[in-house]
Amino acid sequence: MSELFDAVDALVASRAVLPPPAERKRLRAAHGLTIDEVAGALKVRRATVSGWESGKTEPRSPEREAYARLLDQLAELYPAPANPAPPEQDTAVPETFTSEPDLAPEARTPTAVPVSEAAETTAAENAQSAAPVVAAVPGTAPRPARTTRPSSTSRRPGAKKAAPAGTPAGGTDPRFENGPLAVVDVEDGKVLAYCVGGLVLDVPAKSIPSLVDWTLREAKLGQPKLSGPGKDADPLLVLTPSALERYGLPATLSEEERLAGRIPEGHKVIKQLTRAEWQLTKRGFGPWARIYRPAKGSDRQCVQLCVPSWHALDSRHWGHAAQLPPAELARVLGVYASRVMTPRGSTAVTGLELITALHPPTRASEPDADGKRHSEHHPGSLGKDVIDPMNWPPCEVPDGHPVLKDLPRFHVRGPGEKLFEEAYDWARPMTDAECMLRHLVGIDVNMAFAAGANGLTVGLGEATHVKAPAFDPKLPGSWLVDLSHVDLSRVKVGKEWVELDGSLLPSPFTPKGEHPAGPAWYATPTVAYAAELGYEVRPFEAYVRHESGRYLDGWYQRLRDAYLATMADLGVDADCTPADFLTTMDGYKARDPELAIVVSAVKATVKGGLGKLRERPRGEGWKPGQPWRALSRPTWRPDIRAAIISRTRTNLHRKIVKHAAFTGQYPVAILSDCVVYAANGTSPLDFLPYRQGKPLPGGFKLGINPGLVKHEGTQTVLWGEEVRERFNAPELNLARYIKDGTVTDVDNGE
């Protein structure tokens, strides 16, 4: 009889009543549980719990009774409010303002980061965000499940295939109703396309050519254009190793293929594409392949492939994304696509493509006499015309550029020949008073170079060479001027002169913080800052650009909104108090590791995109003095990159000077957008001069907005002195290691 009773109890439990999905999520969050913890306890996948909380799926026995038991116990601890407020969108970001009334718009926050074109990463994130943050990002809430099958070739996923909660839904454009991209995988012998919003499509294609055809004709993938004169984004297919195997492609590239960046031209899949009259771009069939047919009028036929197992998703920027299951990978890339744009290659390539997508070089003209429209220059863009390599100012181009081909072979250009605007890499020995303090605390500027691009006026056309010009801070360009007379021990802060210890400050005019010894080339923001400090500037010559504009504002705003919306999803809001901000930032990545990947990718998009503005040769048999491929695009603009870094570095110096004038504290080390101070406590609040919750006007301010600062890390003063002594490097840049204290790649000059 007892066995019968047990069976009856089990039967009743298998139909246990569960609270609504929103209540399930509330109860879990109220107890501080993560989705991973619940999934681990119930021995199910993370995506399964996400499906239960989003209402896409329902638990089955035996998990259902265990899940019901968990929720019942949590409901006793955290009863629902009597008058619950209507649920809010997860992606809402509070409207915030971060203006600094004592600074002009051009003089808002900053910081710097070194540039490495070879790694497709470079400088660019700074300047305070004085605009309100978007209240919500469209298309990021989970897509509601349909009540009917979408088509004969598509179906809603079951519990096993449910996407995690928070996956962005597809766009509202009916042409792209299934979102911008899909992850193609093979499961139980079936080819499936995991789209954003939890939708899974059955894929009938049996070859790569037929997969491309199916994508363009039936999949309804893609993304609407970001700007009026622009173009819609091509659909993106991400191929998993099982999909590669199904379609006759290698799961990984050989060493030779990896170095070449593509599979051989004679591969059978490329032959299939050729027979089907599909073409590949010059980069061939590699990690980011574009398969297309020449456009006919406005009819564009192009599909992009992303192959994570071929290292398409660089782990430095995309973390462990390449190892994610298909549904989770679709979520990560979908959030990035909805908030930034559909990836077009590496984060650097995408960053540059975003610049162009927001400011297309051409637009359709007004109808002519015959009623036809023609392509014409789009005002405010860099235009479709490329600057002649031989018309570039010699001071603005990198070594090896064609304009420098007549220089002696081993000639090294000095400051009077070369514009050298780079991010800070500076440190100094600690004073006796600083050594008596207990800790070294690092603060880091959020999206420093993006903020530096915000509101910056840059040149849009070719430069004009002028001799002995009067300096104009509103005129973008490069200036040869002697700033060696600027004395940092006595400078203007606002309208008043202040006395400082100049020996404890880096020069704002050089990346290494060294005092300039004579005439040198500087970008406009650097020279303007010298004048702001109260010193006369008299340029000897200049290359200026009269055609100018705030070309990067839209680019900055889109990346800022993407960053803030994703951080809000991770629990870091823009309107936190300083103490709450530090608390919510602690361990924010662990709250949702997948969204943390998106944050990393957005940051890399900023740095890499601006690095691409001065892209260097990438092999291909190039020799110094010869042109290289990047020179052939209008967006090869080293002058714009230099101006952003210049503004970022001088904005950071302005904050350091204000902080020193008010507190008497000086930085010990600066690396790009990270500044280290000695303090008696472990928190930035132990040395930042907050009064009644308000920061020093024009100084450092804690917060998540671009241009504000966060806690980078804390180590002891004894750690810093021991490291410098161990490596016999009294000026070792401790900002490089402040985050976790691990010291690597030390260069002490030997």
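Here's a quick tour of this protein chain, from the whole fold down to a few single residues.

What you're looking at is a predicted model: local features need pLDDT of at least 70, side-chain atom pairs count only at pLDDT 80 or more, and totals for chains, interfaces and linings use all residues. Residues are numbered from 1 along each chain as its sequence is written, and side-chain values use heavy atoms, with hydrogens and water left out. The chain holds 21 helices and 23 strands; helices (H or I, at least four residues) and strands (E, at least two) are DSSP runs, numbered from the N terminus.

**The chain as a whole**

- Of its 750 residues, 54% count as buried; buried means under 20% relative accessible area, exposed means over 50%, and partly exposed sits in between (1.4 Å probe, protein chains only).
- Take the contacts with a separation of 6 or more: residues 24 or more positions apart account for 73% of them. Contact here means heavy atoms within 4.5 Å.
- The protein chain exposes about 33500 Å², and carbon and sulfur atoms supply 53% of that. Accessible areas come from the Shrake-Rupley method with a 1.4 Å probe, and for residues only the protein chains shown count as cover.

**The nonpolar cores**

- In soluble globular proteins, nonpolar side chains tend to be buried together.
- A nonpolar core is a set of buried Ala, Val, Leu, Ile, Met, Phe, Trp, Tyr and Cys residues joined through side-chain atoms within 4.5 Å.
- The largest one has 112 residues, and those with the most contacts inside it are Trp 318, Leu 552, Trp 555, Met 567, Val 602 and Ile 704.
- A second, separate core has 35 residues, including Ala 182, Leu 239, Leu 253 and Trp 310.
- Back to Val 602: leaving out residues up to four places away in sequence, Val 602 touches Tyr 336, Val 340, Met 447, Leu 559, Ala 562 and Tyr 563.

**The five-stranded sheet**

- Strands of a sheet pair through backbone hydrogen bonds, either parallel or antiparallel. Two strands count as paired if DSSP finds at least two bridges between them.
- This open sheet runs β11-β21-β22-β12-β23, with antiparallel pairing.
- At its edges are β11 (425-427) and β23 (709-716), each pairing on one side only.
- Neighbouring strands are turned by 20° against each other on average, direction ignored. Axes are lines fitted to C-alpha atoms (for helices, over the stretch in contact), and angles run from 0 to 180 degrees between N-to-C directions.
- Three bridges link β11 with β21 (residues 669-671), and Asp 425 stands opposite Leu 671 in β21.
- Helix α21 (residues 717-726) lies across β11, β12 and β23, at about 70° to β23.
- Asn 446 is in the loop between β12 (439-445) and α14 (448-453).
- Is Asn 446 buried or exposed? Asn 446 is buried, because its relative accessible area is 0%.
- The side chains of Asn 446 and Lys 710 are joined by a polar contact of 3.3 Å. A polar contact is a pair of N or O atoms within 3.5 Å; within protein, one must be able to donate a hydrogen and the other to accept it, and residues adjacent in sequence count only if both atoms are side-chain atoms.

- Four bridges join β14 to β19 (residues 541-544), and the bridge partner of Thr 464 in β19 is Val 544.
- Thr 524 lies in α15 (residues 524-532) and counts as buried because its relative accessibility is 7%.
- Apart from residues up to four places away in sequence, Thr 524 touches several residues, among them Phe 471, Pro 473 and Trp 479.

- β3 pairs antiparallel with β2 (residues 181-187) over six bridges, and Glu 187 has Lys 190 as its bridge partner in β3.
- In the β2 and β3 hairpin, two residues sit between the strands, and Asp 188 in the turn has a positive phi of about 55°.
- β3 also pairs antiparallel with β4 (residues 200-202), over three bridges, with Tyr 194 opposite Val 200 in β4.
- The β3 and β4 hairpin has four residues between the strands, and Gly 197 there takes a positive phi near 80°.
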